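Please look at the structure first.

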Amino acid sequence: MNVEQLLLTVLTYGCLFSVLTLSLNLQYARGGMINFGTVAYFAAGAYAYAIFTQDPPSGLDQYMFGFGAPWWVGFLAAGVASLIFAVVTGWPTLRLRGEYLALTTFAFAEVLHSFLLNERRIGNGSVGLSNIERPEMNWMGLGENYTFALSAILLMGLTMLLYRRILAAPYGRAIDAVRDDEVAAEAVGKDIKRLRFEVFVVSAVPIGFAGALYAMITTLVSPDLFTAEITFFVWIALVLGGERTIVGAILGTMALVTFEEVVRSMHFETVRAAEIAASTEEILTGVIFIMILRWQPFEKFGRKGERA
């Protein structure tokens, strides 16, 4: 086990997925919206980055669009794509509440996944897009692994600061008021539909940027990488760290990423042993989730921790 590489992987993916957890924290813990389609905005950002930076199709390529743009254009396009998808899905779904909203957002995510899987003209179908452009990431003589880790930290830090500023402002108190009592908030003149829609759309943009960075790191986007498992991972991380706390959302994600990466880094003598370990990882993750829901060991931390 290469400890240095393990730490870099945990730091990179921990910060990257913390962006998703922070966004879910804003939507659910502060905005009261149960979103089971987080992976869809992540995929929208990754595919947008890949399409804008990919070379035009040639040979056996089946996709239609490849603009060959610089990486920064693709990065901006990722945020715009996630925002547009949030607008398209948020307008009809945010009229719903509770489990109905959860089921609808989950359905939209599955529709997008099925579309990307079967529509070859967009992203090569099940094959996906490979050899995605990576920007020159040798900052100050650092290797790519270190630079991507710093990029993930920077993205997480900017997302954290953005959400902290939003929630510390009067706008944040309006969001809390809508979550706590919609009737009372509407009685004092708050536009509930507009507030919910704005929170939903704003929180989707950093997820799109995270998708773009994920595509840079993996140099591959395919439907198999963007399944409902990512959504459930983010929900487990949020519950693990504690709701309504920015620090808790980050710590919960880091803990879960560390657990999974340690299991994956173990050396196994046979393929069968590796398959058993992978199954055990999923079982233990589920058991941890059940234990957290039952005893909520981090609830006090979430209440005493930072709520902005």
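## Fold and surface

In this predicted model, the protein chain contains 13 helices and 2 strands. Of its 308 residues, 47% are buried. Counting contacts between residues at least 6 apart in sequence, 77% join residues at least 24 apart.

The accessible surface of the protein chain is about 15300 Å². Carbon and sulfur atoms account for 65% of that surface.

## Aromatic pairs

The count of aromatic pairs comes to 18. One of them is Phe42 with Phe226, an edge-to-face pair at 5.6 Å centre to centre, with 65 degrees between the planes. Phe42 belongs to helix H2 (residues 38-53), while Phe226 sits in the loop between strand S2 (220-221) and helix H10 (228-241). The two residues are 184 residues apart, and the pair links distant parts of the chain. Both Phe42 and Phe226 are buried.

Phe75 and Phe209 also form an aromatic pair, this one stacked, with 4.7 Å centre to centre and 10 degrees between the planes. Phe75 is in helix H3 (residues 71-93) and Phe209 is in helix H9 (residues 192-218), so this pair ties together parts 134 residues apart in sequence. Because buried means under 20% relative accessible area, Phe209 counts as buried at 18%, whereas Phe75 is partly exposed at 21%.

## Cluster and charge over a ring

Phe42 and Phe226 are also members of one aromatic cluster, together with Tyr13, Phe17, Tyr47, Tyr214 and Phe233.

A charged side chain is placed against a ring at Trp91: Arg95 lies over the face of Trp91, 4.6 Å from the ring centre.

Notes. Residues are numbered from 1 along each chain as its sequence is written. This is a predicted model: local features need pLDDT of at least 70, side-chain atom pairs count only at pLDDT 80 or more; totals for chains, interfaces and linings use all residues. Side-chain values use heavy atoms; hydrogens and water are left out. Helices (H or I, at least four residues) and strands (E, at least two) are DSSP runs, numbered from the N terminus. Buried means under 20% relative accessible area, exposed over 50%, partly exposed in between (1.4 Å probe, protein chains only). Contact means heavy atoms within 4.5 Å. Accessible areas come from the Shrake-Rupley method with a 1.4 Å probe; for residues, only the protein chains shown count as cover. Rings of Phe, Tyr and Trp (its six-membered ring) pair if their centres lie within 6.5 Å; planes under 30 degrees apart count as stacked, over 60 as edge-to-face and the rest as tilted. A charge sits over a ring if NZ of Lys or CZ of Arg is within 6 Å of the ring centre and within 35 degrees of the ring normal.
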